[in-house]
Amino acid sequence: MKSFGDVWQKAKPIISSKINPVAALQWISNIEPVRLENDSAVFSCPSTFEKQIVEARYAKEIESALSSVLGFDVKLEIYVQEESLEQEEETNERVKHLLNPEGPIGLFGNSLGKGNIEKWSLSPEYTFGNFVVGPGNSFAHAAARAVADNPARTWNPLFIYGNSGLGKTHLMCAIGHAIKQKFNWYNVVYVRSEDFTNELIRALQIGAEGKGGTLDFKNKYRKADVLLIDDIQFIGGKTQTQEEFFHTFSALYSAGKQIVMTSDRPPKEISTLEERLLTRFESGLMADVQAPDFETRCAIIRKKAESTAFPIDSDVVEYIAYTLKDNARQLEGAVMKLRAHWLLSSKVINRELAAEVIRDMASDSEPLSQRLDKIVNEVSRFYGVTVDDILGSKRTSKISQARKIAMYVIREATELSYPLIGEKFGGRNHTTVMYSIRDVEAEIKTDYKLKSEINDFLKNLR
Ligand code: ADP
Ligand code: MG
C-alpha cells in the first residue's frame, strides 16, 4: 500500500458492504482521491452537485472505511474541480430538492450511523495480552485479572475509574474476552451506559410484549452471567435509568453474577447518583487507573507498532513518549499517524518527521476543532441524542435542550464568539446562539441539577 489511491481501493469494498451498493457506488465513483493531508482525506469531484450528495449521504461511511484502513480518524474533504456560478446555483436547487426529508428520496442517512454494531460488542484487540501493565494501572489490571479468572468469586462489583484514554474500556473488554475463553457457556453482556439508557427508553415506548420491549430488555440484561457496563457516569441524573439499573444490578448480584463498571470518575463524583446505587457501586472493589509513566508509554507505543507491523526506531518511540504524556489513546493516535506516513511515503520515520506529524497532538495544544467535537460528543452522550441531532435542525425539546447546553459549554470552555459557535451548529444565526446561551444562564440560576451537570462537562474538559 503505497499511495492514497491504494488506501481508497481498500476502503471502497468496506463502504459498499455497508450501503446500498448500486446507488452508492454510482455516487462514490464520482469522487477521486487526491491526497491525505494530516487528518483530511481530500477528494475531488466534477461538480457541487456530486459533492453535496456524497457529503450528505455517504460522508460517515467513507470516513469510517478510510479510518479503518488507515488506523486513525480522518475527515472527508471534497473540492469541486471547476464550475460556473450558474451551474452552482442550479446545483443548490437540485440538492435542496434531493435532500428534502419530505421528498420522495429523503430517506437516506439514518441517524444511527456507523459503528452501530461494534459499539455493542467487545473490541477484539482489547485483550490482556495487548495491555501494557505499569505503575499507573497495575492495581486495576490485577483486579481485572482476578475477576476474569474467578467471575463473581473475588471482587463484585468491580468499579474501574480514571480519566479518559487510560485503558478502562480496554481492561473491561479484556475481562470479557478472558471469561468467554475460559467459560465459553457464560453469557457476557457488554453495553455502554448511554446505550443502556437509549435501549430502555425505546423499550418503555414499545411496552412490555413487543420486540425490543421491556420484557426483552429485562431478559437481555438479567440473563447475563457477566454484565460489563462502560462509562456508567452517564447514568448520572437519569432517574428512570437509575431505577432500572438498580433492579438489574440487584437481580444479577443476588444471583451471583459478575458486574464490572467503568467510569471517568469515582462513584461519589457522579452527579445526582441515587444513594442506593452509590452504596452498591462502592461495595465491591474500586480500582483507579492513572496516567502511564515514561516506560509504560514507551511500551504501549512499541506494542501498538508491533501489532500493526510498523517498524519504529527507539529514538522515535522515546520522542513520542516524551512529548505525549497524558494518555494512551494519544500515543496510539500518534503511532497510527506515523504508520500511515510510512505506508504512504515509504520514508524512514525519524525524529524530525515524528515531531512534525505529532506537533498538533501535543498535550498543551489540542486543536480547537477537536475540543468542540469533544464537547458536542459528551453532551450528546449525556442527553442521549445523536451528534447529528445536536448540530442539525430538529427541534424536539430534548434535542433543543441538549443543543443549548452544548452551546453554553462551548462558550464557557473556549470563549468562542457567537457567530463562530453558530457556524459550528449548522450555520445558525449569532443571535440564536446568544439567546440560547442566555436561556441556559437563566436556567442554572434556579436549577441546581443542571448546574452540576454543566460543571461536570466543564471539569471533564480539563
Ligand atoms: P478509556 O476507556 O479509559 O477512555 P481505552 O480503554 O479506550 O480508554 O484506551 C484508549 C486506547 O489506548 C485504546 O486503544 C487502548 O487499547 C489503548 N491503551 C490504553 N491503555 C493501554 C495499556 N496499558 N496498554 C496498551 N494499550 C492501552
Ligand atoms: Mg472508555
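The bend at a residue is the angle between two axes, one fitted to the seven residues ending there and the other to the seven starting there. In this predicted model, helix H3 has a kink of about 75 degrees, centred on Tyr58; helices here are DSSP runs of H or I with at least four residues, strands are runs of E with at least two, and both are numbered from the N terminus.

**The chain as a whole**
- The protein chain contains 20 helices and eight strands.
- Of its 462 residues, 47% count as buried, where buried means under 20% relative accessible area, exposed means over 50%, and partly exposed lies in between (1.4 Å probe, protein chains only).

**Helix H3**
- Although H3 (residues 48-70) has 23 residues, its end C-alpha atoms are only 27 Å apart, short of the 33 Å that a straight helix would reach at 1.5 Å a residue, an expected span that is 1.5 Å times one less than the number of residues.
- Because 18 of the 23 residues of H3 are buried, this helix is largely enclosed by the rest of the structure.
- Gly71, which follows H3, has a positive phi, near 90 degrees.

**Thr279**
- Thr279 lies in helix H10 (residues 275-281), and its relative accessibility is 46%, so it counts as partly exposed.
- Thr279 and Lys268 are 11 residues apart in sequence, and their C-alpha atoms are 9.4 Å apart in space.

**Conventions**
- Residues are numbered from 1 along each chain as its sequence is written.
- Local features need pLDDT of at least 70, and side-chain atom pairs count only at pLDDT 80 or more, whereas totals for chains, interfaces and linings use all residues.

Note on methods: Chains lettered and ligands numbered in written order. Heavy atoms only, no water.
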